[in-house]
Amino acid sequence: MEELGTALVVEDDDDVRQLLQEVLAQAGFDVVAASSGREGAALARDRAPVVVTLDVNLPDIDGFEVLRRIRSTTDAYVVMLTARAEETDTLLALQSGADDYMTKPFRPRELRARLAAMLRRPRVAQPPQSKPAGAAPPPAPQPAVRPPQLLAHNGLDLDPTTRTASLEGEPLDLTRSEFELLRALLKAGGRVLTRADLVRIARGDRFRVDAYVSEADERAVEVHIGNLRRKLGDDPRAPRWLVTVRGVGYRLARSRQQQ
């Protein structure tokens, strides 16, 4: 079986922890586990896992704090698991840096499929770091040549090849899911994508068109769209990029030339 790297399970329930270890081991991961938040954060720092499953309710520190600590040391894909399905939990998890959010009881095959979809899609390239003081000035900019695959709309540029995005020339720091949703909306032009469409896009192409989409999944998409609007500085009352079609989904705003 192909070795996929290390997977970390952070879960205080013995039965659930054992199930997760079995599921991830069968998928091809070298699995390590922790029963508390502090232990999990330490293992994430020391073992550099590829993926992490993280329970929200832990006996010492909650999963959101563990997630913040994990994000300070590793860029692992993180799926948060919880018995609660409140919208505030989903919002906090995704804003804190989780890649996905599943409620218990979960379906092992669905968890494996979501992880497989994440691993097939590399993370978005991060914006370049600032130059140290005294560094040589950058060379004079050359005339811009727009690659044919570049998606552009109202000053927003997205390059699927390099997985980078910029707004008016300034790099955007997007999560994997935010990048995929934005790419889909740009490619769709003005066509409306339903919330279910966007759930499947965020999950990855392993999910069939008829795959079950829960209310929690659709709420997660709404959170991603809200995060995109915040990063773009987009006003939903007068959108420049993302338009909400009430009761259906989202579409791209009209271009400047059409207004």
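These legends walk through several close-up views of one predicted model.

Everything here comes from a predicted model, in which local features need pLDDT of at least 70 and side-chain atom pairs count only at pLDDT 80 or more, while totals for chains, interfaces and linings use all residues. Residues are numbered from 1 along each chain as its sequence is written, and side-chain values use heavy atoms, with hydrogens and water left out.

**View 1. A five-stranded open sheet with parallel pairing.** Let's start with the sheet, whose strands come in the order S2-S1-S3-S4-S5. Strands of a sheet pair through backbone hydrogen bonds, either parallel or antiparallel; here, two strands are called paired if DSSP finds at least two bridges between them. At the edges sit S2 (30–34) and S5, each pairing on one side only. From one strand to the next, the twist averages 20°. Look at S4 (residues 77–82) and you'll find it joined to S5 by four bridges, the two strands running parallel. One thing to pick out is threonine 82, whose bridge partner in S5 is threonine 103.

**View 2. Helices H1 and H5 lying across strands of the sheet.** H1 (residues 14–27) lies across S1 (6–10), S2, S3 and S4, and runs at about 165° to S2. H5, in turn, lies across S3, S4 and S5, at about 180° to S5. For these angles, axes are lines fitted to C-alpha atoms (for helices, over the stretch in contact), and values run from 0 to 180 degrees between N-to-C directions.

**View 3. Aspartate 55 in strand S3.** S3 covers residues 51–55, and aspartate 55 belongs to it. Its relative accessibility is 3%, so aspartate 55 counts as buried; buried means under 20% relative accessible area, exposed means over 50%, and partly exposed lies in between (1.4 Å probe, protein chains only). Setting aside residues up to four places away in sequence, aspartate 55 touches Val10, Glu11, Asp12, Gly63, Leu81, Thr82 and Lys104. A contact means heavy atoms within 4.5 Å. In an unreviewed entry, UniProt lists Asp55 for "modified residue: 4-aspartylphosphate". UniProt positions are given in the numbering used here, feature names are shortened, and annotations may be inferred rather than shown by experiment.

**View 4. A cis peptide bond between lysine 104 and proline 105.** Omega is about 0° for this bond. Proline 105 sits in the loop between S5 (100–103) and H5.

**View 5. Leucine 115 in helix H5.** H5 spans residues 108–120, with leucine 115 among them. Leucine 115 is buried because its relative accessible area is 2%. Apart from neighbours within four places in sequence, leucine 115 is in contact with Leu24, Val51 and Val79. From leucine 115 to aspartate 99 is 16 residues in sequence, and 9.7 Å in space from C-alpha to C-alpha.

**View 6. Two hairpins built from S7, S8 and S9.** S7 (residues 156–159) and S8 (residues 164–167) run antiparallel and are joined by four bridges. Aspartate 159 has threonine 164 in S8 as its bridge partner. Four residues separate S7 from S8 in this hairpin, and one to spot in the turn is arginine 163, with a positive phi of about 55° although it is not a glycine. Arginine 163 has 8% relative accessibility and therefore counts as buried. Next, S8 pairs with S9 (residues 170–171), again in the antiparallel sense, over two bridges. Leucine 167 stands opposite glutamate 170 in S9. Two residues lie between S8 and S9 in their hairpin, where glutamate 168 takes a positive phi near 50°.

**View 7. Asparagine 154, with a positive phi.** Asparagine 154 is a residue other than glycine, and its phi is near 50°. You'll find asparagine 154 in the loop between S6 (151–153) and S7. At 7% relative accessibility, asparagine 154 counts as buried.

**View 8. Helices H7 and H8 packing at an angle of about 80°.** H7 (residues 195–203) and H8 (residues 215–232) have their axes 9 Å apart. That makes H7 and H8 roughly perpendicular to each other; angles of 65 to 115 degrees count as roughly perpendicular, under 35 as roughly parallel, over 145 as roughly antiparallel, and the rest as oblique. Arg195, Ala196, Leu198, Val199 and Arg203 in H7 meet Asp217, Glu218, Val221 and Glu222 in H8. The residues of this contact divide into four nonpolar, no polar and five charged. Nonpolar covers Ala, Val, Leu, Ile, Met, Phe, Trp, Tyr, Cys and Pro, charged covers Asp, Glu, Lys and Arg, and the others, Gly among them, count as polar.
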